[in-house]
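Dear colleague,

I am handing over the structure shown below.

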Amino acid sequence: MSSSATTYPAFPAFPADGLRSARLLLRPTTRADAAGLLAYHEFNRERFQRWEALRADAFFSRDAFDARCAEMERQAGAGLALSLLLLAPGDGAIVGECAFTNIVRGPLQACHLGFTIDARREGLGLMREALTAAIGHLFEHYGLHRVMAGHMPANERSGRLLARLGFEREGYARAYLKINGAWEDHVMSALIASKN
């Protein structure tokens, strides 16, 4: 009986110059992004609050974002998550972010997806463009088989986006996450790689 260990591509092997789509540059979040990411979240604070966990004022501090970005960088290096910034190619402004978290290898080969986009860029198709590129990269280069995403039923925009990307509804989780101070139901969906 022979045994051979399964090997996986090195997770941090992201293109050095980032991943380009038609209108965006995607690159991993690093410690150096703390100030820009803080400004992005401060500007969108009221808009994001409806769809996220309650954030204490301390969340919106430079120290908190220094620690948050350092942790994103650490998790990417360990192959546990990949947080990407969506940047405007011209001025490098942060227009959105997407995160592939809870990455599990072995027989599951899956992760969870979360994303946000700047209120000023909503409705332009940028997130669809970014996620098409990012998910394709994860499937092709990192060997993931499944990307899972959940959204609140009231968040119809996210539901439509996920459906356009090919995510299929797999269930309905009652009181799944505590969002803005209340336990909220979520529609659960997943996209499965066609080749692996």
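D57 is exposed, with a relative accessible area of 60%. In this predicted model, the side chain of D57 takes part in a salt bridge with R45, and the closest N and O atoms lie 2.7 Å apart. This pair joins distant parts of the chain, the two residues being 12 residues apart. D57 sits in the loop between helix 2 (45-49) and helix 3 (62-77), while R45 belongs to helix 2. R45 counts as partly exposed, because its relative accessibility of 32% falls between the 20% and 50% limits.

Two further pairs deserve mention. R55 and E52 form a salt bridge with an N to O distance of 3.5 Å. Here R55 is partly exposed, at 32% relative accessibility, whereas E52 is buried, with a relative accessible area of 16%.

The other pair consists of R120 and D118, whose side chains meet in a salt bridge at 2.7 Å, N to O. R120 is exposed, at 56% relative accessibility. D118 has a relative accessible area of 2% and is therefore buried, since the limit for that class is under 20%.

Salt bridges also connect R47, E122 and R157, which are linked in a network. Across the structure, 11 salt bridges are present; those described above are among them, including D57 with R45, R55 with E52 and R120 with D118.

Yours sincerely

How values were computed:
Residues numbered from 1 in each chain as written. Predicted model: local features only at pLDDT ≥ 70, side-chain atom pairs only at ≥ 80, totals over all residues. Heavy atoms only, no water. Salt bridge = Lys/Arg side-chain N within 4 Å of Asp/Glu carboxyl O. Helix = DSSP H or I, 4+ residues; strand = E, 2+ residues; numbered from the N terminus. Buried < 20%, exposed > 50% of the residue type's maximum accessible area, 1.4 Å probe, protein only.
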